[in-house]
Amino acid sequence: MSDSSIPAADDRPRSGDALCDFGFSAFFSEAFELVKGEGEEPARVVEERRGRYRVVLGSPGGPIAEEDAIASGKLGRGLASASQMPAVGDWAAVRRSPGGPATIRALLPRRTAYLRKAPGDVEHDRIDAQVVAANVDLALIVAAAGRDWKPRRVERYVALARAASVECVLAITKADLAEDASTLLAEAAGVASGARIALLCAPSGLGLPELAALLRPGLTIALLGSSGAGKSTLLNALAGEELARTNEVREDDQRGRHTTTHRQLYRLASGPAAGALVIDTPGMRELQLLADGEAVSSAFPEIEALAERCRFRDCGHSGEPGCAVLAALDSGELDEGRYEGWRKLMKEASYLRTKEDHSAKEAERRRWKTIAMSQRSFAKKGKGAR
Ligand SMILES: Nc1nc2c(ncn2[C@@H]2O[C@H](COP(=O)(O)OP(=O)(O)OP(=O)(O)O)[C@@H](O)[C@H]2O)c(=O)[nH]1
Ligand SMILES: [Mg+2]
Ligand SMILES: [Zn+2]
């Protein structure tokens, strides 16, 4: 793609509001006015590849263009943490530069952010959040039926959506591979914790019109799920054209091949979901929890309801007398897999809490050390002057 202007689509409902077509709203307009600097325009990050970005930008009411961009200032000097860096879906203040990439000067506040724990910092005491997609209105959790159906994984995605306060829909793909659709749907209802469920089949188009009906113009939707689940296939089906590459899953173990390698926001030009903004993401190898106990708990409403009847208000549901959760487990009212899934995620959440407390204490200790050192050197200087 070059940095030429996006041709104005003929089917745009109103003229002169091209930025709104990408989700620009009064919220971001006000935020932009507060942070904007000389020569800066509001822009949305539509693509990210290892620190290189594509943005859609323009002045409100004017024409829009798509440009390459890099982060600058504090964002560009490696001073910002992973979660403070631009992510696909972000709105930003951007300055164009003739002959070179535009520069992302500042990010506007995010309305929502779907986070995960940044992988690979286990040895350090730092918990770094990574933004998978920003300003998402609806998370489409994509999971395949058949051999790759893993309810425990779906629970994890739901808990993360709860932590991000993002509404979610569970999109079950590959309905043609399901042995028994009604059993699958019952099981899905058990892990979706109230989220809507769509059963889809790409070859036959089953479920697509119902799903498309949920997507309004200007709404930002993120496709989330493991590699090979059918996210890009779903994007293409909604778009009615081949926007993203897809690939066969491996025959031996039905796992995906990590076909999508970057995150990208697409505006659907036509079809039943025309005008919707869809973020395709690469399947994540490890989706580590970045949610507190409350978010996890809200992804397990049936356990929350049972807990109301436990004898102790702070019952941990792990052997306390009068525990209604364990009683329901014994009687078969509560599914064992659900209970184990809940325990595992709660354990991760409390482990993160301890780590966070520890890193907060560490940061505070370092801060005091710096203050003490600067006071000492100030005192020394004072002596020398006398
Ligand atoms: N049988 C069947 N296969 C499907 C369906 N939807 C997608 N697939 C196939 O599943 C494979 C993987 O699909 P992709 O869309 O590339 O998966 P993805 O989730 O984007 O994977 P990554 O980009 O690696 O994260 C492709 O071969 C698709 O044709 C379906 O409804 N039924
Ligand atoms: Mg893909
Ligand atoms: Zn209990």
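A cavity here is a set of grid points where a 1.4 Å probe fits but cannot get out, computed over the protein atoms alone. The model is predicted.

**Exercise 1. Enclosed space**

Find how many cavities of 30 Å³ or more the whole structure holds, then describe the lining of the largest cavity.

Solution. 
1. Search the whole structure. Two cavities of 30 Å³ or more turn up.
2. Size the largest cavity. Its space comes to about 70 Å³.
3. List the lining. Ile141, Val142, Ala143, Ala144, Asp148, Lys150, Arg153, Val154, Tyr157, Gly225 and Ser226 form it.
4. Assign elements. Strand 8 (138-144) and helix 2 (151-163) are the elements that each give two or more residues to this lining.
5. Strand 8 gives the most, with four residues.
6. Sort by class. The lining of the largest cavity has six nonpolar, two polar and three charged residues.

**Exercise 2. The ligand site**

Determine how many residues surround ligand 1, and which side chains place an N or O atom close to a ligand atom.

Solution. 
1. Count the shell. Ligand 1 is surrounded by 21 residues.
2. Pick out the closest. These are Asp176, Ala202, Ser227, Thr233 and Thr260.
3. Start with the ligand nitrogen. One nitrogen atom of ligand 1 lies 2.7 Å from a side-chain N or O atom of Asp176.
4. Turn to ligand oxygen. An oxygen atom of ligand 1 is 2.6 Å from a side-chain N or O atom of Ser227. An oxygen atom of ligand 1 is also 2.8 Å from a side-chain N or O atom of Lys231.
5. Check the burial. Ligand 1 taken alone exposes 660 Å², and the protein buries 88% of that.
6. Classify the shell. It divides into five nonpolar, 12 polar and four charged residues.

**Exercise 3. A charged pair**

How many salt bridges are there, and which parts of the chain does the Arg54 and Asp68 pair link?

Solution. 
1. Side chains of opposite charge can pair when their charged atoms come close.
2. Apply the 4 Å cut-off between nitrogen and carboxyl oxygen. The count comes to 17 salt bridges.
3. Examine the pair. The side chains of Arg54 and Asp68 meet at 2.9 Å, N to O.
4. Arg54 sits in strand 2 (residues 52-57) and Asp68 in strand 3 (residues 65-71). The two are 14 residues apart, and the pair links distant parts of the chain.

Notes:
Residues numbered from 1 in each chain as written. Chains lettered and ligands numbered in written order. Predicted model: local features only at pLDDT ≥ 70, side-chain atom pairs only at ≥ 80, totals over all residues. Heavy atoms only, no water. Near = heavy atom within 4 Å. Polar contact = N/O pair within 3.5 Å; in protein donor to acceptor, adjacent residues only side chain to side chain. Areas by Shrake-Rupley, 256 points an atom, 1.4 Å probe, with all protein chains shown as cover. Nonpolar A, V, L, I, M, F, W, Y, C, P; charged D, E, K, R; others polar. 1 Å grid on protein atoms, 1.4 Å probe; cavity = no way out; pocket = protein on both sides within 12 Å on 5 of 7 lines; lining within 4 Å. Points joined across faces, edges and corners; volume = space filled by probe spheres on them.
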